[in-house]
Amino acid sequence: MRNLSFKWCKWDKRYFIAALITLICSIICGIILYKFVSINIYFNNYAKDYIFYIFNFKNSKILISHFLSELFYFYIFFLIGYFTKFKYVTLLFIFLRGLYFSVYTAILIGFNAFGGVTVAVLVFIPVSLISIFLSCIIADCCKIVNKKYVFFLPLILAAINTLVLLIMVNVVFRVVIVIV
């Protein structure tokens with residue numbers, strides 16, 4: 001079990017506190033900007049399509065787009081954290097991700113009352129929070145990973161996050177829909 005022990009990793013508590021404060025500020029900004037963004041047709045179409053694909057269990061379009069976006073963001077966090085000493089620059093991307101997260105959550109909840117709340121609570125919010133947490137881990141601990149495998153770390157974590165989305169849609173969401 002010592003292979004899975006994280007005692008060797010020195011966590012930067014100031015970075016995680018700064019990331020948490022940045023996330024909270026971005027969520028507040030997203031809730032405030034919800035009214036202005038909700039007029040945009042692209043955000044509304046994305047919310048409609050997301051709810052439609054989740055309720056009809058058409059996972060391929062959601063999974064492919066989710067995997068590619070996670071891969072993009074995780075590699076941004078990795079490149080900043082691994083090749084520079086300025087990992088606090090990643091707080092800007094955490095702010096952007098948190099802003100989009102809160103805006104999409106507000107649109108999902110406000111757009112389609114019961115269906116949007118169900119999709120947001122059971123699928124979108126947990127997967128997005130896990131994604132932001134994994135981004136912080138990549139930026140903080142990428143220099144500790146073995147040099148042979150370090151460039152595959154964002155790819156592996158993007159696959160894990162996509163697997164979490166798959167489980168949330170096909171197991172958790174289906175169970176709730178069957179019960180209701």
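User: Which residues in α4 meet α6?

Analyst: Let's start with a reminder that this is a predicted model. On the α6 side, the contact is formed by Val127, Ser131, Leu134, Ser135, Ile138 and Ala139. By class, the residues of the contact of α4 with α6 divide into 7 nonpolar, 4 polar and 1 charged. On the α4 side, the residues are His66, Glu70, Phe74, Phe77, Phe78 and Gly81.

User: Are α4 and α6 roughly parallel or roughly antiparallel?

Analyst: Helix α4 covers residues 59-83 and helix α6 covers residues 113-141, and their axes are 8 Å apart. The two pack at an angle of about 25 degrees. Angles under 35 degrees count as roughly parallel, so α4 and α6 are roughly parallel.

User: What is the handedness of the crossing where α4 passes α6?

Analyst: Here we look at how α4 is turned relative to α6 as the one passes the other. The crossing is right-handed.

User: Is His66 buried or exposed?

Analyst: His66 has its place in helix α4. Leaving aside neighbours within four places in sequence, His66 is in contact with Val127, Asn161, Thr162 and Leu165. Its relative accessible area is 13%. Because buried means under 20%, His66 is buried.

User: Are α6 and α7 roughly parallel or roughly antiparallel to each other?

Analyst: Helix α7 runs over residues 153-179, and the axes of α6 and α7 come within 10 Å. They cross at roughly 165 degrees. Angles over 145 degrees count as roughly antiparallel, so α6 and α7 are roughly antiparallel.

User: How many charged residues are in the contact of α6 with α7?

Analyst: From α6, the residues that meet α7 include Leu122, Pro126 and Ile130. From α7, those that meet α6 include Leu157, Met168 and Val172. By class, this contact has 17 nonpolar and 3 polar residues, and the number of charged ones is none.

User: Which residues does Thr118 contact, leaving aside its neighbours within four places in sequence?

Analyst: Thr118 lies in helix α6. Thr118 is buried, with a relative accessible area of 11%. Thr118 is also one of the α6 residues that meet α7. Its contacts beyond those neighbours are Val123 and Phe173.

User: What is the relative accessible area of Val164, and which class does that give?

Analyst: Val164 lies in helix α7 and touches Val127 and Ile130, not counting residues up to four places away in sequence. Its relative accessible area is 22%. Buried means under 20% and exposed means over 50%, so Val164 is partly exposed.

User: How far apart in space are Val164 and Lys10, C-alpha to C-alpha?

Analyst: Along the sequence, Val164 and Lys10 are 154 residues apart. In space, C-alpha to C-alpha, the separation is 26 Å.

User: What is the phi of Phe57?

Analyst: Most residues other than glycine have a negative phi. Phe57 is not a glycine, although its phi is positive. Phe57 has its place in the loop between α3 (41-55) and α4, and counts as partly exposed at 24% relative accessibility. The phi of Phe57 is about 55 degrees.

Conventions: Residues are numbered from 1 along each chain as its sequence is written. This is a predicted model: local features need pLDDT of at least 70, side-chain atom pairs count only at pLDDT 80 or more; totals for chains, interfaces and linings use all residues. Side-chain values use heavy atoms; hydrogens and water are left out. Axes are lines fitted to C-alpha atoms, for helices over the stretch in contact, and angles run from 0 to 180 degrees between N-to-C directions. Helices (H or I, at least four residues) and strands (E, at least two) are DSSP runs, numbered from the N terminus. Angles under 35 degrees count as roughly parallel, over 145 as roughly antiparallel, 65 to 115 as roughly perpendicular and the rest as oblique. A crossing is left-handed if the near helix is turned anticlockwise from the far one by less than a right angle, and right-handed if clockwise. Contact means heavy atoms within 4.5 Å. Ala, Val, Leu, Ile, Met, Phe, Trp, Tyr, Cys and Pro count as nonpolar, Asp, Glu, Lys and Arg as charged, and the others, Gly among them, as polar. Buried means under 20% relative accessible area, exposed over 50%, partly exposed in between (1.4 Å probe, protein chains only).
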